[in-house]
Amino acid sequence: MPVYNPPLRDMQFVLHELLGATDTLRALPRHADIDADTINAVLEEGSKFAAEVVFPLNLSGDQQGCQLDRATHEVKAPQGFRQAYAQYVAGGWPSLSCEPEYGGQGLPFVVNQCFYEMLNSSNQAWTMYPGLSHGAYEALHAHGTPEQKATYLPQLTSGEWTGTMCLTEPHCGTDLGLLRTKAEPQADGTYRITGQKIFISAGEHDLASNIVHLVLARLPDAPPGSKGISLFLVPKFHVHADGSLGERNGIYCGGLEHKMGIHGNATCQMVLDGAVGTLVGQPNKGLAAMFVMMNAARLGVGNQSLGLTEVAFQNALAYAKDRVQMRSLSGVKAPGKPADPIIVHPDVRRMLLTAKAYAEGGRALACYCALLLDQETHHPDEVVRAEAAELVALLTPIVKAFLTDNGFQSAVECQQVFGGHGYIHEWGMEQFVRDARINMIYEGTNTVQSLDLLGRKVLGNQGASLKKFGRLVETFVRAEMGNEAMAEFIQPLADLGQKVTQLTGELGMKAMRNADEVGAASVDYLRVAGHLVFGYFWARMAQVAQAQIAQAEAAAQRPDSFYLGKLQTARFYFARLMPETSSLMRRIRSGSEVLLDTDAALA
Ligand SMILES: Cc1cc2nc3c(=O)[nH]c(=O)nc-3n(C[C@H](O)[C@H](O)[C@H](O)COP(=O)(O)OP(=O)(O)OC[C@H]3O[C@@H](n4cnc5c(N)ncnc54)[C@H](O)[C@@H]3O)c2cc1C
């Protein structure tokens, strides 16, 4: 059976020693009184809920999957999911970072981020039921009418109701401009919505008393393409003026997808048969309104893979210490045993360290982004808010795609540590691999994320946002230039920063001549940019660790092994993972022709 120990020590390191989260938060009037003890206490309680309530349902949920009753269109989640959700609601967990105005606890986003990482490690499929509600909350908060907010936000905050996002149709996924679902205006100001949606996560289930669907559809006079899409709120049950539930609405689950992973989450084909909905935001501006939910979900998907990377690593590490096979090449390491534990073998360590470096680098980046979101939402200075928003926009595709690519790679490496046992269900590793795979696909495939990064966020503003992140790197590099102990990190980081600047300039020029150069470069470019971001955070983590080690040595004390481990992982990252950027850049420079001048090869 798999194990999971919430990484509270590393979360505290990232929040308090690396990012100085409480200082950043106290500059925001909303969080002026926040302190490290409060954050740590909430996360400790949250870790118990994740590890003790949600984690034990992961393997069984995967085995059982969801059941659709075709007569009633009701879906049953796997055994125990409903009870765990009731505990989640009773514990007040849905409301952690929601607005007090709607019954929320008003805690920083970064606290919710860490809590959700633990939920994702424990059970990605279960976590998607409440997880999508946060995006629905954000979209309604930003674009809902006062009535919509008053009716729906308190229920989403308390977790009484959950939310979905209904974008995809059988013939349209990436290209939402093709969608056909229709919305007919009614005399009473509502709309009758008709069409079919597919792949809708948590579209139907028995965890909550109502489901709030956010649905993209077209008005009768809408222009074609993405400029003619509107957003509608369609509840599973109608809601009376006093907030009580009425009849079922004309939206129901017509079938469940049979899929590779996340079996415990209901992926639904949703039929809209004249369902009654209300408009969210402006007519034909639905995509922009939905982007609030999509951006939240993109960060959330990165967090799903962060959770999986951590739990896969923990299990592989425990196994590698226990499993004995063969002797170490450099001589017997465990003479009392018939063979050495496999952790003595260099390549097993490579696999373990890959997952550890990606988990801890990902945690630093994800927490950094969540703190930026706190600043974007609550900082009193407009300029700080705008700068935080710009950085979040730049980093969102990197969080979504880099963390999920790394998460899948890590899950596979950790599965490999188990040898044949990694392929067997009861060890849990093959489930982590299957579950991790979807994160690279949904919420905009990783290819789409890379086009967003290179085409819109980097070249779209002549590299201005990238330069802003580059300035953070430069400031850190300059400050550490004279520190000899940091040279092994600072030099490759500075070198990569310069190379990214040069590469971006080259791509900008090529793209002006031929737009396909962007599509040919973007996936590799996102990985290069991801390594620049991870390099920055790993160098900073190494610096904090080195300072702690030096302090202990100066006081003639043994350094804390946590910091020694951090430093060793930083060295591994710079020596073994970041150098991937050299071949990526070579690939990028090979250009689009080698891909597109291939009609004979692909005939
Ligand atoms: C388990 C699961 C849960 C999901 N949950 C939801 C949900 O809750 N709500 C929802 O609305 N949707 C959901 N989805 C849908 C998901 O977001 C889409 O599957 C995804 O966006 C891709 O769309 P598609 O499958 O139609 O692929 P397509 O759009 O057909 O793409 C096929 C391939 O072509 C590539 N491609 C397309 N356009 C380009 C381009 N311009 N340049 C380069 N490559 C391109 C894609 O990257 C992909 O590799 C879910 C899907 C799954 C499998």
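The model is predicted.

**Stop 1: the ligand**

The shell has 19 residues, and Met-165, Thr-168, Thr-174, Phe-199 and Thr-445 come nearest. Colour the shell by class: 9 residues are nonpolar, 8 are polar and 2 are charged.

Now pick out individual atoms. Start with Thr-168, one of the nearest residues. A polar atom of the Thr-168 side chain sits 2.7 Å from a ligand nitrogen. Move to Ser-201. Here too a polar side-chain atom faces a nitrogen of the ligand, at 2.8 Å. Then turn to Gly-173. In this case a backbone N or O atom lies 3.4 Å from a ligand oxygen.

How much of the ligand does the protein cover? On its own, the ligand has 970 Å² of accessible area, and the protein covers 63% of that.

Switch to a cartoon view. Strand 3 (161-166), strand 5 (191-201) and helix 13 (446-458) each give two or more residues to the shell. Which of the elements gives the most to the shell? Strand 5 does, with 3 residues.

**Stop 2: the largest cavity**

The structure holds 4 cavities of 30 Å³ or more. Go to the largest, with about 80 Å³ of space.

- Tyr-85, Tyr-88, Pro-94 and Cys-98, which are among the lining residues.
- Pro-130, Ser-133, His-134 and Tyr-137, also part of the lining.
- Leu-156, Thr-157, Gly-159 and Trp-161, which line the cavity as well.

Look at the elements behind these residues. Helix 5 (81-90), helix 7 (124-143) and helix 8 (146-158) each give two or more residues to this lining. Helix 7 gives the most, with 4 residues. Colour by class again. The lining has 8 nonpolar and 4 polar residues, and no charged ones.

**Stop 3: the second largest cavity**

Move on to the second largest cavity. About 60 Å³ of space lies in it. Select Leu-394, Leu-395, Ile-398, Leu-453 and Leu-466, which are among its lining residues.

Keep the class colours on. This lining has 9 nonpolar residues, with no polar and no charged ones.

**Stop 4: a salt bridge**

Side chains of opposite charge can pair when their charged atoms come close. The structure holds 30 salt bridges.

Zoom to Lys-566 and Asp-10. Their side chains meet in a salt bridge, at 2.5 Å from N to O. Lys-566 belongs to helix 17 (residues 561-577) and Asp-10 to helix 1 (residues 8-18), so this pair ties together parts that are 556 residues apart in sequence.

Conventions
Residues are numbered from 1 along each chain as its sequence is written. This is a predicted model: local features need pLDDT of at least 70, side-chain atom pairs count only at pLDDT 80 or more; totals for chains, interfaces and linings use all residues. Side-chain values use heavy atoms; hydrogens and water are left out. On a 1 Å grid over the protein atoms alone, a cavity is a set of points where a 1.4 Å probe fits but cannot get out, and a pocket is an open set with protein on both sides within 12 Å along at least five of seven lines; lining residues have an atom within 4 Å of a point. Grid points are joined across faces, edges and corners, and a volume is the space filled by probe spheres set on the points. Ala, Val, Leu, Ile, Met, Phe, Trp, Tyr, Cys and Pro count as nonpolar, Asp, Glu, Lys and Arg as charged, and the others, Gly among them, as polar. A residue is near a molecule or strand if one of its heavy atoms lies within 4 Å of it. A polar contact is a pair of N or O atoms within 3.5 Å; within protein, one must be able to donate a hydrogen and the other to accept it, and residues adjacent in sequence count only if both atoms are side-chain atoms. Accessible areas come from the Shrake-Rupley method with a 1.4 Å probe; for residues, only the protein chains shown count as cover. A salt bridge is a side-chain nitrogen of Lys or Arg within 4 Å of a carboxyl oxygen of Asp or Glu.
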